[in-house]
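Work through the exercises below with the model open. Each task is followed by its solution.

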Amino acid sequence: MVAQKSQLVISEDGAVTQAYQKYRLLKQEVEHWQQERGSDWLKMLTLAEAPPYLPIKDLPSDAIVELWQRLNSVAKVEMSDADLRNIWEQFRNGQDVNAMDEETATRFRMALSGVASLASQMANEKNVPAQGFGRTASDDPRECIVCPICGEVSNLAILTPPNGHRLMHCTSCGFEWSVKRVGCLSCGSDDSKQQIFLSNEGYPGIAMAVCQLCGYSLKEIDTREASVQDYLWEDIRSLPLNFATELWLSEQAKKDNQVH
Ligand SMILES: [Zn+2]
Ligand SMILES: [Zn+2]
């Protein structure tokens with residue numbers, strides 16, 4: 001069977017290089033912190049008996065604040081520990097923390113993900129079962145896009161060599177788990193004809209798989225075509241594909257309305 005494909009139209013954006021430089025500096029600081037402090041913090045983490053093994057909101061506050069302050073100093077921004085704790089508490093309680101500017105929000109997310117990835121590392125070392133989680137017929141099919149470690153939803157998949165086996169990659173904690181290779185992970189449809197693949201030549205090896213039944217879209221990076229060092233950055237860098245897909249979906253909806 002030939003998969004349905006379509007090209008997305010995307011305009012160039014010079015701000016990406018600049019954004020990458022900023023991102024790289026922060027990412028390096030996260031890696032330094034993990035090397036220096038990771039083993040101490042790992043001793044403080046406990047995984048639950050069943051997924052999600054360590055939800056983001058249960059991560060140790062002191063670790064979040066410690067890493068966040070290191071990112072602030074890289075960015076030459078001063079914020080008090082009390083302010084950071086306040087924002088973290090609001091986030092934990094499910095309150096809206098959108099009042100942060102974009103760069104503050106980026107450092108906060110990177111601090112969360114830097115600590116969460118310790119939990120993911122621990123889960124990998126302990127070889128915890130990612131299976132058996134939402135895999136029974138009666139369960140919501142969408143559970144397979146929820147990270148078994150941190151409980152966040154992932155919309156990023158990786159196709160691996162040699163056969164294109166599909167893994168979900170959590171952009172919050174970095175954990176990866178196997179999912180079915182064809183069909184929609186949201187509505188559970190196994191009909192590959194209902195999946196359409198949107199791509200753009202500026203992003204080789206990356207496609208947005210859109211389900212025509214439920215409208216769910218998933219970014220797939222085929223590592224047989226694209227070599228990727230950092231999936232979080234790859235996801236950010238290719239955000240224009242997500243935006244173009246939303247536009248494509250809304251245009252499809254308009255066309256459908258005209259037909260009927
Ligand atoms: Zn996760
Ligand atoms: Zn679907």
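**Exercise 1: a helix and its packing**

Task: find the elements against which the buried residues of H1 pack.

Solution: The partners of these buried residues are helix H2 (61-74), helix H4 (102-126) and helix H5 (231-237). Contact means heavy atoms within 4.5 Å. Helices (H or I, at least four residues) and strands (E, at least two) are DSSP runs, numbered from the N terminus. Buried means under 20% relative accessible area (1.4 Å probe, protein chains only). Among the buried residues of H1 are Tyr23, Leu26, Val30 and Trp33. Helix H1 (residues 15-42) also has a kink of about 55°, centred on Glu36; the bend is the angle between axes fitted to the seven residues ending there and the seven starting there.

This is a predicted model, in which local features need pLDDT of at least 70 and side-chain atom pairs count only at pLDDT 80 or more, while totals for chains, interfaces and linings use all residues. Residues are numbered from 1 along each chain as its sequence is written, chains are lettered from A and ligands numbered from 1 in the order written, and side-chain values use heavy atoms, without hydrogens and water.

**Exercise 2: the metal site**

Task: which protein donors does the zinc ion (ligand 2) have?

Solution: Cys184, Cys187, Cys211 and Cys214 each give SG, lying 2.3 Å from the zinc ion. Donors are N, O and S atoms within 2.8 Å of the metal (3.2 Å for Na, K and Ca). Their spacing along the chain is C-x2-C-x23-C-x2-C. Cys184 and Cys211 are 27 residues apart, and both are buried.

Key. Buried means under 20% relative accessible area, exposed over 50%, partly exposed in between (1.4 Å probe, protein chains only).
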